Amino acid sequence: MELDQIEKDSLVEEAQQDAETKPYLTALVGWSVQAIEAAARMNRPFVVVGPPEFESYAEKHDIKFVGWDFNKINESSDGLYKQLKAMGAELAIPLYEECVEWAGALNARFREEPRVFNRSLLLRDKGMMKRKAQISGIKVGVFEEARNKDDVKRFLQRVNEALLKLEGDHLDPIHVKPLDKAGSVGHMAINTVEGIEKIQDTDFPLLMESHLDGQEFSCEAFVHKGKVRFLNITEYVRLGYSNFVPASPKLEQKRPQIEEAVQKLVDAFEIEYGVIHPEYFLTPDGTLHFGEVAARVPGGHIFELIERAYGFSAYEAQILCSDPNTTEAELEAFFPNPYDYDGYAGCLMVHPNIDYVQDLNIPDELEEHPYFEKHDMFTPPQGKVAERVGFGNHYGTIFFFGRDSEEMYDLVKEYEQYDFYK
Amino acid sequence: MPQPTGVIVERFAQSLEDLEKAPSFAKSKYQTDVYQEANRLIDAENGLNHLYQYAYRFEETGVFQDSAWEQANKLQPPLVAGSLKAKGLPMVIEVLSELRMLAIAENKYTHPTVSAEDAEEFLNEVMVLNLNLLFPAATESTRIEKHENDDKISKLFQFLISHLSSKALIKTLIHEIERLTAQRPIMIKRIVSMIGTAKRMLDSDSDGDDHAELKKYIAAIEGPSPMSAKYKDIPTYRKELKELSRSELISESVALAKSMRETGLVAPHHATIIRFLCKHHPGLLVYTLNLSSKGSANLEENMELVQQVIKASIFPATKQAIYGLALMLERGVLSHSPVAPGLRRLVELDIRADVRNALHETVQQGEGLTANSILVAGTIQVLGQPLGVGQGFNPTCQAARGISLWAQHAPGFLLEIIPRAARDGDLDFTFEGATIHSKDLSGGLAPDLDMELDPVSLVLVPHLDKIYSEMMSRVALRGEDGHRWVNPAFYGNWVPKGFSTVTNPISGFVQDYSGFVRLFYATHHPEYNDDYELIYPNPVGIFITNVHGKMLGLHAVSIIRIAKDPSGVERVYFYNPNNDGSQNWGQNIVPSVAGNGEEEGESSLPFHEFTSRLYAFHYNPYEQGEAYAVDASEVNDVLNLAKESWGKDYTWV
């Protein structure tokens, strides 16, 4: 046999083998270079369903791509399923918030289980989400949906009446957030009647809930066949600004309790596959209150921090867990022991504290700190700073890694108020 | 304590490694780290050298992927400075891109589209364009405009120079100086500053003995004759002149004049000797100006006036006017009857305070000149070098074109409007029966005029600009290109009334392009236009395109003449008021300024290439030739050039 013949044969063999185990395409719904990279690294055939503006980029780099406008829902929405099915896709993975129900609808069709779609809707309506949690016996705050400002006013007053506040007392805050927006987009804390006027009309309908005291943190649970296969706990130093992975020992010691709560949530929401990103409040007396949950890649660079701390790609993990065909052995081999990490990986998201930026100033002491790993900021062209939406559009991120969680906490805290932009 | 360079180099190498491994679609994720570490290295001790060790890998690893620097063969030297001065990321990538070019130039690797010679040429060009960054001159203006990246840029350039041959660099520099002087601009500040920096380069270059060409230019502004080279100090030179014999004065004059005629540059000594001769040996002036028989006849005829003018306006600070004076005499302008009284009027004109101040700004302080001296000197320059009028940094090509046209064909009119503007602060033009006064207008194309202009332009452009704009706005709603009416009214009756444009002014579409092309051939090309010669400059509109043929905007030039060049190619010779008449317009269309039969100040292109950039022109409806006879393949060539360049920005119907 000629040498190139051997090579050809082995190629055929490989292709055949692939054909047996992974005959289908995975549809990545949304746009994330990291997720595409993970799919490519795993040698999985995939197609990206993304906003049409990425089409030329995908074409340039030979990425199989279907352009889709996620905001448009009509009879032809069915076309996406048909198109993907024809291409050989059997699995959809949501990458960002607005794609969750699209992926849910696609998976419902792929798996011929209509309820998969309904479950995904549960994750897209914060009111429904809370109610479901409450019905399932999960501890939540008092909440209600509001259609207008009068509803908000009444809720603010009723909650404070229940707290036995008297005329003239400072009111306890309530929180409002649009039902279907990612993370902190549109989130406001309101503790005066005047404050209600700041709500935009477009934010209605929205969810109102009573204020929960305690330490807020998030989990990233990788779920397969309804079971949490790996649970990461992310400690927030300041919500939307800084966090690190894994959580400090004080929070990590609650891990068994947290694991139990997350599994309970997974059961209640009948989540079978993928990644979920719930947020909890740990009250001083040690009880866990459920905040909310999303089924997508979390913000705050958490996936990158998980990779740095635990050494596995969270994007790959998401793909693995989203696929019903993934075997137990594959999962076992993939996930490490959650108590087994190299150190703490943290990041600080920098947003200019000013309206107009001219210069960037990264102090030498920061760059020389042994925990400092890298940052991604460059001196900006002069310009007006855009108003912040949710906790998005930060100007840059500083990454840290170190062995001591207290030092990490202090370091991040120290630079939180620092003016990197002038 | 800054981090040791070694650590950063290691991190840079690692980040480059990661980038290399990344699939093409994910490069952007890894580029940031490379740029970050590169940024640190640029600041670090010996950092450029370290970066350069990796430069041959930049492109294949994907450092430039999906950025403006991706395709090395499309990069343009004139854009480099802007990126280098920009804050943050562009500066970093630009530095990396220069190092890549250097790696190609030094054959560290073979690039698919850029040869080592191309790369070296690119870098030389970058250097020449940025000599002020390379050798920061200690002037007030550079001090004020000191930029925070200056140190980094200067470090980069020093690094590049240490790798490039200074010979090639000086050669490029000489070429650039030649290119600019060939156009004989009135404003020579840029040329002088280039010569100055080149001189400094020669000084720092030990084996620079074969730079005779460059030395010629240096001498031209510092002292090109034996006497002026010996006595650089002007007062000493003046004293020494008195000791010279007649024949020595002649040979000194001849040497100075020869240099002036060759370079278009005048040494300050020249002004000293011409004043000296004017007083003591007026008969020798003909040598100082190196006049032809026509010029000397004109000098003799007007000797008294010339002496007056020299006394009133030629000083070391206005030395360039000597060149203008020589050319003015050659052109016989003084024989026009209104010119002599017009010039005399300027000598005594009561100039307005604001104009006086603006004129004084054009010379250095402490020269002791009157505003009238400056204005007379400037007028002589414009009359002598009508094609040397430039628009400077202003979008006022129309005004410059007007001054140039009047200086050529209506010096009396020009000498009428200069005092109107300088004394009265007003110009009035009649447009379709109505009088337009510039003093009643505001705005114009250049409300904040850049003052880097010759004295006449300085006086006239603010008025002309407003009047032209006003005329254009009066015809704006007529559904036809307003230049049709405005050009004849503004420039005068020398502009023919027939007018044709490429686009339909209402739809904005390109309509009947071949008809447009054929009409231009039939009215301008000597083979088809029944031998009607072009008598007055034709103000035409052109599309300005960049080196890739991409449309940048519209521009006004004037066709001066159409003739066969020495090799028999029919060419359009034209005046470009931007004083940089040989910019690359893409598609291998590069106007030349010398070597193809151009007179001083002219640019030229082969007829069909010029036509392919034409946007609008005037013609005499009674002087049309054979439009149908124009070769279809020639029309087609023009059509293709047009469609592939500015035509991409238009709808064709």
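These notebook entries record what I looked up in a predicted model with chains A and B.

**Entry 1. Conventions**

I noted that residues are numbered from 1 along each chain as its sequence is written, and that chains are lettered from A and ligands numbered from 1 in the order in which they are written. I also noted that, the model being predicted, local features need pLDDT of at least 70, side-chain atom pairs count only at pLDDT 80 or more, and totals for chains, interfaces and linings use all residues, while side-chain values use heavy atoms, with hydrogens and water left out.

**Entry 2. Chain A as a whole**

I began with the secondary structure, taking helices (H or I, at least four residues) and strands (E, at least two) as DSSP runs numbered from the N terminus. Chain A holds 15 helices and 18 strands.

The C-alpha trace of chain A extends about 90 × 55 × 45 Å along its principal axes.

For burial I used relative accessible area: under 20% is buried, over 50% exposed, and in between partly exposed (1.4 Å probe, protein chains only). Of the 422 residues in chain A, 53% are buried. Accessible areas come from the Shrake-Rupley method with a 1.4 Å probe, and for residues only the protein chains shown count as cover. Chain A exposes about 20,400 Å², with 49% of this supplied by carbon and sulfur atoms.

A contact means heavy atoms within 4.5 Å. In chain A, 65% of the contacts with a separation of 6 or more are between residues 24 or more positions apart.

For charges, Lys and Arg count as positive and Asp and Glu as negative, with His and the chain ends not counted; each charge is placed at NZ of Lys, CZ of Arg, CG of Asp or CD of Glu. Chain A carries 44 positive and 75 negative side chains, and the centres of the two sets are 6 Å apart.

**Entry 3. Backbone details in chain A**

I found a cis peptide bond from A:Phe204 to A:Pro205, with omega near -5°. A:Pro205 sits in the loop between strand S7 (188-190) and strand S8 (206-210). The peptide bond from A:Val245 to A:Pro246 is also cis, with omega near -10°. I located A:Pro246 in the loop between strand S11 (242-245) and helix H9 (249-252).

Next I looked at positive phi values. A:Leu164, which is not a glycine, has a phi of about 60°. A:Leu164 belongs to the loop between helix H8 (149-162) and strand S6 (174-178), and is exposed at 69% relative accessibility. A:His301, also a residue other than glycine, has a positive phi near 60°. A:His301 is in the loop between strand S13 (288-294) and helix H11 (302-310), and is buried, at 19% relative accessible area.

**Entry 4. Chain B as a whole**

Chain B has 30 helices and eight strands. Its radius of gyration is 27 Å, close to the 26 Å of the globule rule for 653 residues, so chain B is as compact as a globular protein of that length. The C-alpha trace of chain B spans about 80 × 70 × 50 Å along its principal axes.

I recorded 56% of the 653 residues of chain B as buried. Of contacts in chain B between residues at least 6 apart in sequence, 71% join residues at least 24 apart. The mean positions of its 60 positive and 83 negative charges lie 5 Å apart.

**Entry 5. One residue of chain B**

I followed B:Ile174, which lies in helix H10 (residues 166-182) and is buried at 9% relative accessibility. Which residues does B:Ile174 contact, leaving aside its neighbours within four places in sequence? They are B:Glu213 and B:Leu214. From B:Ile174 to B:Ser245 I noted 71 residues in sequence and 36 Å in space, C-alpha to C-alpha.

Technical notes:
The radius of gyration is taken over C-alpha atoms; the globule rule is 2.2 Å times the number of residues to the power 0.38.
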